[in-house]
Amino acid sequence: MDRSQNAGSQNLVDSGYTYFAFISYRRTDSRWANWLKRRLQSYRLPQRTRRNHRDLPQRFSPVFLDKTNLTPGLLDEGLRAEVQASKYLIVICSRAAREKSQYLDDEIQYFLDGGGDPSRIIPFIVDPSPRPEEECFPLRLRELCEKQTILGANIYDSGKRSAFLKVIARMHGLRLEEIESDDTRRRRKKTLIASLSGAAFLLCAAAAGYFCWDYYSPKTAYYLDYTERFGIPEGIGPLSEKEILSASGHYSIVSSRRRVRELRFENAFGQLKAHSSTADHDRPVRATYEYSENDELDKVTWYNTSGDLVLIMNYANLQTVDLQFETNDSYVGSTFLHANNPLEDSDLSGEQLQNVSRYLLDYDENGFLREMRYVSNPAYNNVAFDSDGISGLRYERDETGRVSRLWYLSYTGERGSARFPEDYRIL
């Protein structure tokens, strides 16, 4: 029970009553009696009304509703006490209540016998009738109406809400216009808040839906060129779908869940295309990218134009990449391994290719590859050479990450380990 309800109940006790209201009804009208009780006990006076009438309780609770089935004319002493302990008596009036009204008549009489003021008896009419006093009131209530005016609430005059507010106004001694105005203002405010909340919910739901689509749905972007940052491709020179039709070749980068998943070199019809420039022979025509549970680059797999697997690069970490070559007649490797032979026209033997099993990588402050060294024995990082005696590459790049200069490295040290960059010289 909140503070306002405690205050209201205390004021009720101070005035000598246990209940705000006793609802008297025929069992055939129990639906209306239960509805009215719920509304009374859950209703809060609008804040504006409370500010203007600070002595009023915010809520009407408790309200007594008898759910026993007593014989008319035999009202027990306990129920009499409950009637007489109630400040107001609300009588549910209907044609059924008029026809057999002895039980209701007894409750009305005991309310009066206990000192209840007839002005605190509130008829609540639930049957349509042009003459409700004659057709719906119990006998004892009709007799009281002959002596004085007793104002009731009729749900068929202005609707359930207005009839209910009439009861509230009677029990608080308020003008109906005042409480209707304040209640309407509150309802509009609640409707506005509900509408804004609904709109906010829909907006959040739409944003969440878009986020899920944007996060999970694969998206393809087209570029004239690309570079790699920590091994992951980044496009250079974005192309529209119209522009790729006039390009001799373009790169497609497919992403989902904020990660690059695939790189493709394609013609205007989206078909894989072999690189024609010797400078691009160390690039795959298709590569797929996989990531660890920590979202770190885990594996890159290269394919040729026929869809055959060529090379698997397993990233132990960003600096160490273990290689697994899959050679065939048309595609055997990379110019990383042989500077003078294009990607699809190498004269390296399978034995020489298998000799290189790891790359040791070094990056600049922007994440661009600065140096690569070849390893033949991963256990000791022994230096590996291609057939030209090259054991590594060094890159100089422009601001976009493109290679602007390339050096071939040769190993000259005595330790036999590719770990030590100072043991290399530029050819």
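User: Why is arginine 373 called buried?

Analyst: This is a predicted model, so the values are computed from it. Arginine 373 has a relative accessible area of 7%. Buried means under 20%, so arginine 373 counts as buried.

User: What about glutamate 371: buried or exposed?

Analyst: Glutamate 371 has 6% relative accessibility. The cut-off for buried is under 20%, so glutamate 371 is buried.

User: What makes arginine 373 and glutamate 371 a salt bridge?

Analyst: Their closest N and O atoms are 2.7 Å apart. A salt bridge needs a side-chain nitrogen of Lys or Arg within 4 Å of a carboxyl oxygen of Asp or Glu. The pair therefore qualifies.

User: How many salt bridges are found in the whole structure?

Analyst: The search finds 22.

User: Why is glutamate 134 called partly exposed?

Analyst: Glutamate 134 has a relative accessible area of 48%. Buried is under 20% and exposed is over 50%. The value for glutamate 134 falls in between, so the residue is partly exposed. Arginine 131, at 42%, is partly exposed by the same cut-offs.

User: How do you know that glutamate 134 and arginine 131 form a salt bridge?

Analyst: Their side chains meet with 3.2 Å from N to O. The limit is within 4 Å, so the contact counts as a salt bridge. Both residues also belong to a network of salt bridges, with Arg95 and Glu135.

User: What does the salt bridge between arginine 283 and aspartate 225 tie together?

Analyst: The closest N and O atoms of arginine 283 and aspartate 225 are 2.7 Å apart. Arginine 283 lies in the loop between β9 (259-266) and β10 (286-291), and aspartate 225 in strand β6 (residues 219-229), so the pair ties together parts 58 residues apart in sequence. Both residues are buried.

Methods: Residues numbered from 1 in each chain as written. Predicted model: local features only at pLDDT ≥ 70, side-chain atom pairs only at ≥ 80, totals over all residues. Heavy atoms only, no water. Buried < 20%, exposed > 50% of the residue type's maximum accessible area, 1.4 Å probe, protein only. Helix = DSSP H or I, 4+ residues; strand = E, 2+ residues; numbered from the N terminus.
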